[in-house]
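This briefing concerns a protein assembly and is arranged by topic.

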2 protein chains.
Amino acid sequence: MTTKGARTQTRNKEETQRRISEAAAAEFSHLGYSGATLDRISERAGCSKALVIRYFGTKQDLYRTVLNTKYAELSQRETFHALSEAETVSELLRGILSDLFAFNREHPAFARLVSWENLNGAEHLDPATAKAARGPGWARLRSILEDAQEKGMVRGDVDVGRIVYVLQALTVVYFSNRHTMKILTGIPFESPETMSSFVGFYSQLLARGIATDEGKCA
Amino acid sequence: MTTKGARTQTRNKEETQRRISEAAAAEFSHLGYSGATLDRISERAGCSKALVIRYFGTKQDLYRTVLNTKYAELSQRETFHALSEAETVSELLRGILSDLFAFNREHPAFARLVSWENLNGAEHLDPATAKAARGPGWARLRSILEDAQEKGMVRGDVDVGRIVYVLQALTVVYFSNRHTMKILTGIPFESPETMSSFVGFYSQLLARGIATDEGKCA
DNA sequence: GTCATAAGTAACCGAACGGTTACTTGTCAG
DNA sequence: CTGACAAGTAACCGTTCGGTTACTTATGAC
């Protein structure tokens with residue numbers, strides 16, 4: 001009998017690789033590239049350090065794998081794809097912002113990895129993988145936005161890049177700069193209500209901010 | 001004759017301490033706490049490692065000194081204090097945002113240190129020092145904002161913390177997440193025009209977003 | 001001059017790092 | 001049963017880390 005499809009008792013390559021990958025993600029997210037150690041990763045994974053290197057190459061190789069895997073997770077979630085059905089600008093803004101917040105809440109490691117990565121110039125991030133993480137909601141946003149501009153409801157100086165930027169900024173800072181930001185503003189980021197009220201407040205603010213006088217007062 | 005006020009030829013405590021402090025700021029900003037090494041810092045400063053430890057204590061002590069010194073620099077700049085004379089909401093928003101961007105452009109090390117610090121829980125940042133970095137522009141913002149709300153020009157759900165948050169978010173992400181954000185949005189952050197157009201666009205967007213219909217259309 | 005003192009350094013320590021090598025052992029086709 | 005191969009490990013290597021110790025040397029008051 002072959003091993004194929006069966007769960008071997010003590011020795012299992014795929015399962016071990018999965019455990020290593022998981023342990024590495026936790027370690028890199030927590031301590032960054034230079035702070036993480038292969039000794040701790042192998043300890044977390046419950047195997048020897050030599051095995052980690054055998055399966056994933058050098059520390060840098062392992063880091064690259066972890067980072068791009070996390071980005072790929074973002075692009076595969078279902079709620080993201082549901083956004084392609086949105087009808088109005090404000091509805092879509094709220095949907096995207098809400099989804100960005102939800103993803104970051106469910107994957108606390110993600111924002112941390114992005115921060116670490118920016119601090120060393122994003123040289124380990126595969127551009128194609130990162131672009132895929134935008135999801136179909138953004139293509140939808142572009143078409144709806146341009147449509148609203150033609151009808152004179154949205155101001156002409158608004159473009160998709162700037163909207164995406166502010167949505168990302170609001171989200172990223174919430175999760176990766178909460179410590180200094182709490183000292184600065186006093187906002188209780190750990191409170192669940194803060195997050196939902198943030199989404200509502202800022203999506204409305206953005207919708208009003210990009211609208212023409214006609215689009216808003218008429 | 002005493003050393004007081006004179007520039008000694010080869011041995012000079014204050015000057016050496018200044019060089020060490022400068023070298024440490026560059027090193028910590030570039031590589032973070034765990035990535036930085038005392039050997040490199042002493043090499044940059046042109047002195048021995050033992051002297052670094054003698055003057056600043058442990059690596060952690062040195063890091064704390066560097067971090068809080070940078071924050072103190074923010075609170076001492078002149079343009080920040082000029083904001084206390086602003087008259088209108090939109091004028092003040094533009095002033096604060098413009099100044100935040102200017103400071104970060106002039107002090108690239110600052111945003112990096114803030115990112116590193118958030119990644120290890122902001123445990124080395126002195127809260128009093130951080131709060132002082134808000135400057136008088138924010139107290140002015142509160143009073144002008146509340147005044148405008150009483151007159152019915154600004155919506156009631158707007159508060160200073162949320163405005164400060166979005167201003168900081170727009171700025172912080174511009175400087176500390178530019179690498180991943182460029183891949184994501186295609187925005188050319190390195191271009192000088194991008195920054196000034198950002199300040200104009202978002203301060204206008206915010207001003208319109210927080211205004212009541214009356215405050216905007218009337 | 002000279003001498004106490006402070007500025008500054010070379011050499012070293014144990015620990016921890018990333019990575020390699022030589023080895024053991026579970027598993028399965030025949 | 002058995003042997004070959006893959007899964008997995010213990011022990012080690014050279015290097016670098018933060019930090020200490022014992023030492024040199026420039027400086028200024030007397």
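The points below describe the model shown above.

The structure is a predicted model. Chain A has 13 helices and zero strands, and its contact with chain B takes 58 residues from chain A and 58 residues from chain B. Between them, the two chains bury about 5,100 Å².

**Architecture of chain A**

- From the N terminus on, the elements of chain A run α-α-α-α-α-α-α-α-α-α-α-α-α, with zero strands.
- The C-alpha trace of chain A spans about 70 × 45 × 30 Å along its principal axes.
- Of the 218 residues in chain A, 50% are buried.
- Chain A exposes about 10,400 Å², and carbon and sulfur atoms supply 50% of that area.
- Among contacts in chain A between residues at least 6 apart in sequence, 68% join residues at least 24 apart.

**Interface of chain A and chain B**

- Of the area of about 5,100 Å² that chain A and chain B bury between them, 65% is on carbon and sulfur atoms.
- A:Leu119, A:Tyr165 and A:Leu184 supply 16% of the area that chain A buries against chain B, which is more than any other three residues.
- On the side of chain A that touches chain B, at least two residues each come from α1 (13-35), α7 (108-119), α8 (127-132), α10 (160-176), α11 (178-185), α12 (192-210) and α13 (213-217) of chain A.
- The element that gives the most to this side of chain A is α10(A), with 13 residues.
- By residue class, the side of chain A that touches chain B divides into 32 nonpolar, 16 polar and ten charged residues.

**Residues in helix α7**

- B:Ser115 lies in helix α7 (residues 108-119) of chain B. B:Ser115 counts as buried because its relative accessible area is 4%, and the cut-off for that class is under 20%.
- Leaving aside residues up to four places away in sequence, B:Ser115 touches A:Leu119 and B:Ser176. A:Leu119 is also one of the three residues that together supply 16% of the area chain A buries against chain B.
- A:Ala111 lies in helix α7 of chain A and is buried, with a relative accessibility of 8%.
- With residues up to four places away in sequence not counted, A:Ala111 touches A:Asn104, A:Phe175 and A:Ser176.
- A:Ala111 and A:Leu93 are 18 residues apart along the chain, and their C-alpha atoms are separated by 20 Å.

- In chain A, A:Arg44 forms a salt bridge with A:Glu27, and the closest N and O atoms are 3.2 Å apart. The pair links distant parts of the chain, with A:Arg44 in helix α2 (residues 38-45) and A:Glu27 in helix α1, 17 residues apart.
- In chain B, the side chains of B:Glu27 and B:Arg44 meet in a salt bridge at 3.2 Å, N to O. B:Glu27 in helix α1 (residues 13-35) and B:Arg44 in helix α2 (residues 38-45) are 17 residues apart, and the pair links distant parts of the chain.
- B:Glu27 is buried, at a relative accessible area of 0%, and B:Arg44 counts as partly exposed, at 45% relative accessibility.

**Other salt bridges in chain A**

- A:Arg142 and A:Glu146 meet through their side chains in a salt bridge of 3.9 Å, N to O.
- Because A:Arg142 and A:Glu146 are four residues apart in helix α9 (residues 136-150) of chain A, about one helical turn separates them.
- A:Arg142 is partly exposed, with a relative accessibility of 45%, and A:Glu146 is partly exposed, with a relative accessible area of 42%.
- A network of salt bridges links A:Glu15, A:Arg18 and A:Glu22.

Key. Residues are numbered from 1 along each chain as its sequence is written. Chains are lettered from A and ligands numbered from 1 in the order in which they are written. This is a predicted model: local features need pLDDT of at least 70, side-chain atom pairs count only at pLDDT 80 or more; totals for chains, interfaces and linings use all residues. Side-chain values use heavy atoms; hydrogens and water are left out. Contact means heavy atoms within 4.5 Å. Buried area is the accessible area (1.4 Å probe) that two parts lose on being put together, summed over both. Ala, Val, Leu, Ile, Met, Phe, Trp, Tyr, Cys and Pro count as nonpolar, Asp, Glu, Lys and Arg as charged, and the others, Gly among them, as polar. Buried means under 20% relative accessible area, exposed over 50%, partly exposed in between (1.4 Å probe, protein chains only). Accessible areas come from the Shrake-Rupley method with a 1.4 Å probe; for residues, only the protein chains shown count as cover. A salt bridge is a side-chain nitrogen of Lys or Arg within 4 Å of a carboxyl oxygen of Asp or Glu.
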